[in-house]
Amino acid sequence: MKLRLESFGELRLIDPAGRPAAFPEKGLLAICYLLDRDLQDGAGSEYPRSALARFLWDSHDNSDIMANLRKTISRIQARQTELGAELLAFTATGVRVRPDAFSGDLFELANSKGEGAVERLRRLVATLRQDFLAGLADQSASTRQWIAGQRDRHMAFLVDALKIALPMAQSREDVSLIKEAALRIFREAPDDENIRRILLDAYESEGELEKARRLFETSRHQLESAFDIGLDMQALREVRKIFAGGQPSQSAAVPLSDGVARVSGPLPRLVLLPPAGTDAAGALPMLSEALIEDVTIGLCALNTVSVVAPHTAARIAQDTDKAQLILRHSISYVLDTRLTDRAGSRALFVQLVYAGSDEVIWAERFSLEKYELISHRRDIARQIARELAGQVRRHETMRDSFEGNSAAYHSYLLGLRDVKRLALPDVRRSRKAFREALQHSAHFAPALSGLSRTFLVEWLLTARGDSELLGLAEDYANRAIAADPSFAAGFRELGVAKLYLGDLDESVLALKLAEELSPHYADGIASYADTLVHASRPADALAKIERAISLNPLSPTDYLWTAAGANFALGHYAEALDQIALMDDRTPADRLSAACWAMLGDTKNARLYMRKVREIYPDFDVDKWLSVVPFKEQWQKEQYREALRRAGF
């Protein structure tokens, strides 16, 4: 098997065994760029080194970027030698890609020989579920421009394929495919009337016209929020005509001048905290604070969110008890910001948090290199503002659906607080709160998924292999999904339940879907990482848990537990102990601590933690425990068995 280059979503190289293979990011970007040129212009052409350097680094200092290129080429060639594959070939003046040395999703995008129209559409939909190079961290202006052009071209491919396949769709499966393709295009072009019509027909054929109405209504709010794009009011009026005579809204609404009804009620409050806790010198902190002010001013023009003034935001950022101030001022959403420095490259990290549950809704990192911040500050501000407006609107739409019963929501938040503590009394108190929420609202998806989590956590903490707990966890997860199929937490809990029931493939599938439904859902990504540990993919697991930690830096105990487990499986025992040391309560990881110390040859510490485990679980049996904890490959069980035996179990 060949190496595989994945470029839609995260940019990475996969080795023949299916594991991520380290490779310089600039090298992978160069491969994508040159492969695209080859696919369009014909294979085999050599590209000048100087032109590639300008594409990658965007600098007028030719000597500087050529030095960067030489260093990158040296790293690429060293890595290619290690891999035994030449993906890029270099001459004294040029570079060319070797497409015969690897496979990848870009080839799949271009290949359509011998395919029917519906099959081609299905392949394109599968490839384009994520944006091209969505996970690329550091980008030059040339790179950004090229990526934007590529994404436009990919959407054009999908539109053309959809038009051709549309008359040929016959089965229910074909109609679902048409709908999925139209939804993907709708994400990029929500005001395209033809796509709206296709979606309407698809939803109507499935008897789900109300879902289409809600989709278009949400889109209208987002269009109104895009303050640099004019509204196509004619298109919106046509959509309203389609739904004339439909079911009236059950909520009190206020008619506006354009004839659209909007539900009345207080707007959610958003505070944008300026960067804090940085030792950056010079103008950078001042410019980044000004950037946040630009975003705040832009958001003040919207009628979907109430923005806290910059002066108050600065006071909140400096206060030692931010949580209390946020509660006192009835703030719903917090945009937390901080300056970061990775290998001398400064960036602004932003994350949007829902204050009610500390849920991270969205996070992103923006480069703040001097030349980029000064010249692109307004563009960055506009991008952040538009993303914030959309994320808050989407979250409010989802939250409205389960906050109708305030008593249920209050009990749910209490349960959510307690279940994070990973101690049996807290878990059982959490379960009681979730049950109380269901007494107020029997089909309350968040409480159903919360109940599922309590049974899973109890199963883990007791280590008795109680299959009844897992059965209850799976049942409540399925109920949560049935109550709200768009609620990612339900799929998360189902994935975890399937993991401990031993169905690793279904577990990975459910957690992958949870991540697709909510790409910034840190808890879901952390559970995905845990499943990958058990699926004998610890390197992938470590990458996932690092992503979850980046979204939720003040990480709960289970994140650190998963990181420790991934490091243990990789043989990084000291690193696993470092992760355990960061836990507020290390007791749940005593068994893992004993195993790590044993593998490091420290019998004294290994026996110390073994005795701690025995004090809580005197009947703990290694073989019985390993018989119920799923690992896809036997080497992981043997590694754990050997470690626990060495520790004295």
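Rings of Phe, Tyr and Trp, the last represented by its six-membered ring, are taken as a pair if their centres lie within 6.5 Å. The views below come from a predicted model.

**View 1. Seven residues gather into one aromatic cluster.** The members of this cluster are F568, Y573, F620, W625, F631, Y640 and F649. Counted by the ring-centre rule, the aromatic pairs come to 16.

**View 2. F55 and W146 form an edge-to-face aromatic pair.** The ring centres of F55 and W146 are 5.6 Å apart, and there are 85 degrees between the two planes. Because F55 belongs to helix α2 (residues 49-57) and W146 to helix α6 (residues 141-165), the pair ties together parts that are 91 residues apart in sequence. F55 counts as buried, with a relative accessibility of 6%, and W146 also counts as buried, with a relative accessibility of 12%.

**View 3. F455 and Y476 form a stacked aromatic pair.** Here the distance is 5.9 Å from centre to centre, with 15 degrees between the planes of F455 and Y476. F455 lies in helix α17 (residues 445-462) and Y476 lies in helix α18 (residues 467-483), so this pair ties together parts that are 21 residues apart in sequence. Both F455 and Y476 are buried.

**View 4. Four strands make up an open sheet with mixed pairing.** Read across the sheet, the order of the strands is β3-β2-β1-β7. Because β3 (20-21) and β7 (102-104) each have a single partner strand, they stand at the edges, and one side of each is left without a neighbour in the sheet. In general, the strands of a sheet pair through backbone hydrogen bonds, in either a parallel or an antiparallel sense. Strand β1 (residues 3-6) and strand β2 (residues 12-14) are paired in the antiparallel sense, over three bridges, and the bridge partner of R4 in β2 is I14.

View 5. V628 is partly exposed, with a relative accessible area of 27%. From C-alpha to C-alpha, V628 and R464 are 8.7 Å apart in space, although 164 residues separate them in sequence.

Note on methods: Residues are numbered from 1 along each chain as its sequence is written. This is a predicted model: local features need pLDDT of at least 70, side-chain atom pairs count only at pLDDT 80 or more; totals for chains, interfaces and linings use all residues. Side-chain values use heavy atoms; hydrogens and water are left out. Two strands pair if DSSP finds at least two bridges between them. Helices (H or I, at least four residues) and strands (E, at least two) are DSSP runs, numbered from the N terminus. Rings of Phe, Tyr and Trp (its six-membered ring) pair if their centres lie within 6.5 Å; planes under 30 degrees apart count as stacked, over 60 as edge-to-face and the rest as tilted. Buried means under 20% relative accessible area, exposed over 50%, partly exposed in between (1.4 Å probe, protein chains only).
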